Amino acid sequence: MSSLNASLASALSGLIADQGAMATTTNNVANVNTPGYSRQEPVLVASDPVVLSPLTFGTGVTLQSVESIRDPILESQIQQQTQAEGQYSTLASALQQTQTNFTASTGDIGTAISNFFDSINQLSTNPSDLSLRQGVLTAAGNVASSFNTTADSLTQQQTSLDLSVVQQVGQINQLTQQIAQLNTQVSNLQNVGENAGTFIDQRQQAIDQLSSLVDVSVIPSDNSLTLITANGAPLVTGQQSFQLQTQTNSAGLHEIYSQGNDITSQITSGQLGGTLQARDQEIPAIQTQLNTLADGLATSVNKVQTAGYDLNGNPTGATSASGTPQTPVYLFNPPAATGAAANLSVAITDPSLIAASSDGTAGSNGNAEAMYALSNQAIIDGQSPTDCYSGIVFNVGNSASNASAEQTASSQVLQQLNDQRASISGVSLDEEAANMVRYQNAYSASAQVITAINDMLYATIQMTTLTG
Amino acid sequence: MRVNPNPYPDLLASVAQTQQQINTDEQEIASGMSVNLPSDNPAAAAALVQNADQTSQADQFERSIGSIQGEMQNADSTLNSVITSLQQAISLGVEGANGTVNSSDRAAIITQVQGIQSQLLSLANFTYQGNYVFGGTKMQTTPYVLDPSSPSGVTYQGNSGTNSVTLGNHFTLQTNLPGSQLFSGSGTDMFQSIQDLITSLQSGIGIGKAVTEVSNASNSIDSQRVFYGNALNQLTAQQTYLSTETTELAQQQNTVGGADLTAVISNLTTAQTSLQATLEAIGQTANTNLFEYLK
C-alpha cells in the first residue's frame, strides 16, 4: 500500500519538474531573437512505478532531459544552399561591377572604335587636310585609352578580389578554430550525459557561416563532427582544426593551400568559390577577349598603315623610297604578346605620318579607304571589330545575368529552407506563453496537493496525539 | 502544423525585392531604356552596340557626303564656266573666220581668245579647300602651267589618279576626274584646240578646222561633266537613304532597348502598392502574442 510520504514525494517531483520546464520556457523566451538558437523542450517522463502487489503506484514525474528541437537533414540542406547562395551572390556582385566597364557611354571601347573609323572616313574625303589627320590620331588615342582604362579596371578588380580571397581564408580559419573548440565543449558535456544544445546551436551557426564561405561537408561522429571541403581537404577533425594557407603565384595572385596541397581550383562553392570563379575564370576570360580585340585591331590597322605613303610621299613600310630598309611607321605600337589591351598606345604624334595615300601623292586616299574598309572586315577571329566587341558585351552581360538569376534562385530556396527551419526550431512566444501557463498551473496544482497531504499528515498526527 | 514564428526575414526580403523592382523601374523611366546594363538583356545589349556603330557610321557618311558635295558642286560649276568660255572662243573663231573682218578687228579677237586661254588655265587650276580639283591625286601641285615649248602652250603636272570615298555600306563614289582625262582625253585637247585657234587666227589659215577642234573639246568636256551631275544626284539619293536608315536605326534602338513606359509605370505603381501593403503587414504583426493577453 501507498503512504502519504510517497505521495508527498510524487508531488515534490511535480514541483521540481515544473520548475525545470519553466526554466526551459524562460530560456526559450530569453533567446527568442538569438540567431541560430533552436527552441528547447523539456522531456517529462513518468517516474518508474512501485509495485505493491496487487497494486502498482506511480511515483511522480522526472524531467529526463532538455532537448533542442532541430532537423539534421534540413540543416545539411541549408548548408548546401548557403554555399550556393554565397557563391552566386559574390559572383553576381563581382560581375555587376565588371559589366559597368561595358555599358554604353561616350568613352566605351565600342564607341571609340566607331569614332576611329569615322575619323578615317572623314580623312578619306580630304586626305591632305592636317586637321582631319589630327582627328584620326586623336581618335586612335581614344581607342587606346578606352582599352587601357577597361583593362586597368579589370586588373584592379582582380586585385581586390584577390584581397577578398585572403580575407575569406582568414575568416574560414577563424571559424574552423571556433568549431573545433565548440566540438570540445559539446563532447565534454555529452560525455557526462548533459544537454549540449546551446553549444550545438553555436556550432551550427558557425558551420552555417563557414558554408557561406566555402563548400564544406559535415561528417558527424560520436559527440563530435568532422568538416572537410568538397574535395576532401580537412578543415576540422574533432577537436583539431586545420588552417588553410595562402601563397602568391607567379601572377601575384594568392593560391590556397591545405596541408601543402594547392586546392585553389577545387574550391567551387561558397563566397570563396564565387570570388575565385570571378578572379580566375570570368575576368581572365574577358581580359583574353579584350586582348584579342586590341591585338587584332592594332595589327590590322598597322598592316594597312605600313602599305602606303605619308603626306610627304614617303613610304611607311619597311622599305624607304630609295629602297633601303627602314623602321616601318606604325599607327599603333605593335602589341606585346601579353596585355595587348592594357598597353595599347599610338605610335606617332605627327599627323602627316598617317599613310592615307596609296600612290605617294598627298591627294590620294586609297590607303585611307583600305584602312576604313577594316571596319567591316573579319579581322578579329573571323569577326569585324564591332561584332567582336558586341560579342564581348554579350558574354559579360550573359555571365552577370546568369549569376544574378542563380543568386536570386538560391537565395529564395535558402529563404524557404530557413522558414522551414524556423517552423521547426524557432521560438514561438505564443507557444511559450501557453507552456508557461501550463507549467504554472501544474506547479500550483502540485503545491495544492502538498497542502492537502500536509492537512492529511496533520490529521494523522492529531490522531496519534489524541490516542497518546 | 507548426508555422514559422518569425515572419520578419521573409517580410524584409519581400520589401527588399520590391524596393529593387522600384529602383529598376525608376531607372528605366529616367533613362527611357530597358537595357541599362548588359545583364538587363545581354542579346539586346550586344544588338545596341551594333546599332550604335551603324548609327555612328551613317552619321559619318552624311558628314562625308557634306564635305564631298561642296567640292563636286564647285567642280561642276567650274566646268560650266569652262564650257561657257569655250563657247565664247567658238563664237570668236566663227567671227574671225569671216572674210570681212579687218586685221585690227582680228587682232582684237586674238586678244580676246588669248584672254579666254588664260581664263581656262585658271579654271583648270581650280582649287577647293587647298586642293587642285583637276590634278588627279596630285592635289597639292598646280595641274596646268604655261609652257611655250609645249604645242598646246601648257604642261599638265597632275596625274591620272582618282579617289573614291566609301559613303555607304555598299556604296563607294569616285570623287574626281583628273585634268588629263577631262581636258585632254578622248582624242580632244582643250588647250591644244585654243592654241590652234589662236595660231589659225594669227595666220588666217584653218580657222574653221580650229573652231571644230574647240567645239569637239567643248562637247567632250560637256559630256564628261555628266560625271559630276550624276555623282551629285547619287549623293543626294544616298543622303535620303542614310536619313531613312538613321530613322530606322533609331526605331530599332527603341524596339530593342527602349523602355515600354506605360508598362514600366504600371509596374512601378504595382510595386509601390505592394511595398506599402508589405510594410503595413509588418506593422500589423508587430504586437500580437499570447503574453499580451495574460495580464
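# A walk through a two-chain model

Let's start where two helices of chain A meet: A:Ile109, A:Gly110, A:Ile113 and A:Ser114 in helix 3 touch A:Pro385, A:Thr386 and A:Tyr389 in helix 9. Being in contact here is about C-beta atoms, placed from the backbone, that lie within 7 Å of each other. Helices (H or I, at least four residues) and strands (E, at least two) are DSSP runs, numbered from the N terminus. Before going on, keep in mind that this is a predicted model, in which local features need pLDDT of at least 70 and side-chain atom pairs count only at pLDDT 80 or more, while totals for chains, interfaces and linings use all residues. Residues are numbered from 1 along each chain as its sequence is written, and chains are lettered from A and ligands numbered from 1 in the order in which they are written.

Back to those two helices. Packed helices are described by the angle between their axes and the distance between the axes. For helix 3 and helix 9 (residues 385-425) of chain A, the angle is about 175° and the axes are 10 Å apart. The axes are lines fitted to C-alpha atoms, for helices over the stretch in contact, and angles run from 0 to 180 degrees between N-to-C directions. That makes helix 3 and helix 9 of chain A roughly antiparallel (under 35 degrees counts as roughly parallel, over 145 as roughly antiparallel, 65 to 115 as roughly perpendicular and the rest as oblique). The residues of this contact between helix 3 and helix 9 of chain A split into 4 nonpolar, 3 polar and no charged. In that count, Ala, Val, Leu, Ile, Met, Phe, Trp, Tyr, Cys and Pro are nonpolar, Asp, Glu, Lys and Arg are charged, and the others, Gly among them, are polar.

Stay in helix 3 of chain A (residues 109-125) and find A:Ser119. Is A:Ser119 buried or exposed? A:Ser119 counts as buried because it has 22 C-beta neighbours inside 10 Å; the rule is 20 or more other C-beta atoms within 10 Å for buried, 12 or fewer for exposed, and partly exposed in between. Setting aside neighbours within four places in sequence, A:Ser119 is in contact with A:Gly135, A:Val136 and A:Ala139. A:Gln134 sits 15 residues away from A:Ser119 in sequence and 9.3 Å away in space, C-alpha to C-alpha.

Now for the nonpolar cores. A core here is a set of buried Ala, Val, Leu, Ile, Met, Phe, Trp, Tyr and Cys residues joined through C-beta atoms within 7 Å. The largest one has 92 residues, and among those touching the most other members are A:Ala140, A:Phe147 and A:Phe332. Helix 4 of chain A (residues 130-191) gives this core its largest share, 18 residues. A second, separate core has 50 residues, including A:Ala362, B:Val82, B:Ile198 and B:Leu235.

Next, the sheets of chain A. Two strands pair if DSSP finds at least two bridges between them. Four strands make an open, antiparallel sheet in the order 5-6-7-8. Strand 5 (216-221) and strand 8 (240-241) of chain A stand at its edges with a single partner each, so one side of each has no neighbour in the sheet. Strand 5 and strand 6 (residues 224-229) of chain A are joined by 6 bridges, with A:Ser217 opposite A:Ile228. Helix 4 of chain A lies across strands 6, 7 and 8, at about 160° to strand 6.

Another open antiparallel sheet has 3 strands in the order 9-10-11 of chain A. Strand 9 (residues 245-248) and strand 10 (residues 254-258) of chain A share 4 bridges and form a hairpin with 5 residues between them. In the turn, A:Gly252 has a positive phi of about 85°. A:Gln259, in the loop between strand 10 and strand 11 of chain A, has a positive phi too, near 50°, in a residue other than glycine. Helix 4 of chain A lies across strand 9 and strand 10, at about 25° to strand 10.

Finally, how many residues of chain A are in contact with chain B? There are 49, and they meet 43 residues of chain B. Helix 9 of chain A gives the largest share of chain A's side, 18 residues. By class, that side of chain A has 16 nonpolar, 28 polar and 5 charged residues.
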